[in-house]
Amino acid sequence: MSIQKQKIGNWFKNSISAKMLTVGFLILTLLIPLGFVKDLIRERGFRQTDVIAEINSKWGEKVVLYGPILKIPYRTYIEEKVFDEKTKTFLKTEKPEMHTAYFFPWELNIDSNVNTQPLERGIYESVVYTADTKIKGKFAKLNFSTREIKDEDILWDKATVLFKTSNLKGIRNTINVALGKNKYPLKPKFDSSFMNTLESGFLTDLSKIKEHPLAFESNFGINGSQTLQFIPIGRETEVFMKSNWHSPSFNGNFLPDTEGKKISDKGFEAKWKVLETNRRFGQYFFGSLPDLSQFSFGTEFLVPVDDYQKTERTSKYGLMIVGLTLLVFLLIQISSKIAIHPFQYLMIGLALVMFYTLLISISEHQNYLFAYLITGVSVVTLITIYSRSILKNPKFTLLILGSMFSLYTFIFVIIQLEDYALLVGSIGLFVILSIIMFTSRKIDWSGNQLPT
């Protein structure tokens, strides 16, 4: 019985297969703390999202704005038959029904000056803005002929003008609209829809629009965050946006003209021109006004660096870092006959896992580059010093130092690359595999010794 135990002990001590199984089991075991680290990174990322959403909700959220729109009620008639008991016949009568027509501007010019600023809560930061927006243009050619509506059935004296916005909370000034020579204050109409309504009282002298175009002007001061967008309801819509933000992302249905676009460290300027033929809706609606928010366009004010996203991407390479590093130690052990205890492998693996915990904690207070540099140097130095005491050979210690430095540099380069990350990563892994195959080609895997 003791001889059998001695054989098993010698097999675990001397067999290459036993060493490989032990290291493989340790790598699988280290997946558990690696999983906990990934959960921690995701949790901190969700925490950042929640805090930023809270900051934005108190300041002012995403802004979608469009208007002005003329809202004009009109009458139509439904023919009804009423039975007359005296004559024993049916009498035809016309019952009036009220409807509403919505007319968009003939020309629409929007000039928006956006001033951004960071808002912080603890270690988290959000970008918010205040937009001073001037809206000008004119109404013309209100066409009721498509519905064969008589002029006397158009209630010009009950007409109003309205704006639509996604963010009433962010408005910072009393909103008025100058229509011709008259000025009308706008009041909110509260409902549960995404686009809220600002509407004026009844307009005066609107019927004169049949004779000549009617100019309008309005100014909006509005607080918002993340995005500022407009909807091109003008037959010709021109939008000019200027801001001190250096990392804009132009999004929505239309991109700005390339000729007038300027982006620098001090801010950006952008200009859009959208015609009626460029969009999929007309200049007027009868009955109800549809939701046009899907046709919005504008700018997203991006935070250029998301350290949580980069840290999460880095953690996805954790298994590769742990596996390759322990594989290097295993190859050194097999080729040099140096004894490395499983506990020592475990300590090295845990140090590699600690890299990601340090990275997420430091990157919350510093930028990702600084956090990666400090964390990488700390972990590589720790393992290099530890390997010096294990391997007792400066040549092997330098090999560990070089391999770990190359691995962490390789991972950092991949993280910085967006479009070419897959290509560079695939080539790099191929090179690593080739090096391992080349260096291990002389190992006698069956006999646990090098050929002489």
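Predicted model: local features only at pLDDT ≥ 70, side-chain atom pairs only at ≥ 80, totals over all residues.
Local features here need pLDDT of at least 70 and side-chain atom pairs count only at pLDDT 80 or more, while totals for chains, interfaces and linings use all residues. Residues are numbered from 1 along each chain as its sequence is written, and side-chain values use heavy atoms, with hydrogens and water left out.

View 1. Strands (E) are DSSP runs of at least two residues and helices (H or I) of at least four, numbered from the N terminus. In E9 (residues 196-199), Asn196 and Leu198 point one way, Thr197 and Glu199 the other. All are buried, meaning under 20% relative accessible area with a 1.4 Å probe, protein chains only. E9 runs antiparallel to E5 (residues 160-165), joined by four bridges; pairing takes at least two DSSP bridges. Here Phe163 stands opposite Leu198. Three bridges link E9 to E8 (residues 187-189), also antiparallel, with Lys189 opposite Thr197.

**View 2. Helix H6 and its neighbours.** Meet H6 (residues 368-391), which reaches 33 Å from first to last C-alpha. That is close to the 34 Å expected at 1.5 Å a residue, counting one less than its number of residues. Its buried residues, among them Tyr372, Val379 and Ile383, pack against helices H3, H4, H5 and H7, with contact meaning heavy atoms within 4.5 Å. Just after H6, Lys392 takes a positive phi of about 60°.

**View 3. Surroundings of Leu228.** Which residues does Leu228 touch, not counting those up to four places away in sequence? They include Val63, Tyr129, Met241 and Phe297.

Conventions:
Buried < 20%, exposed > 50% of the residue type's maximum accessible area, 1.4 Å probe, protein only.
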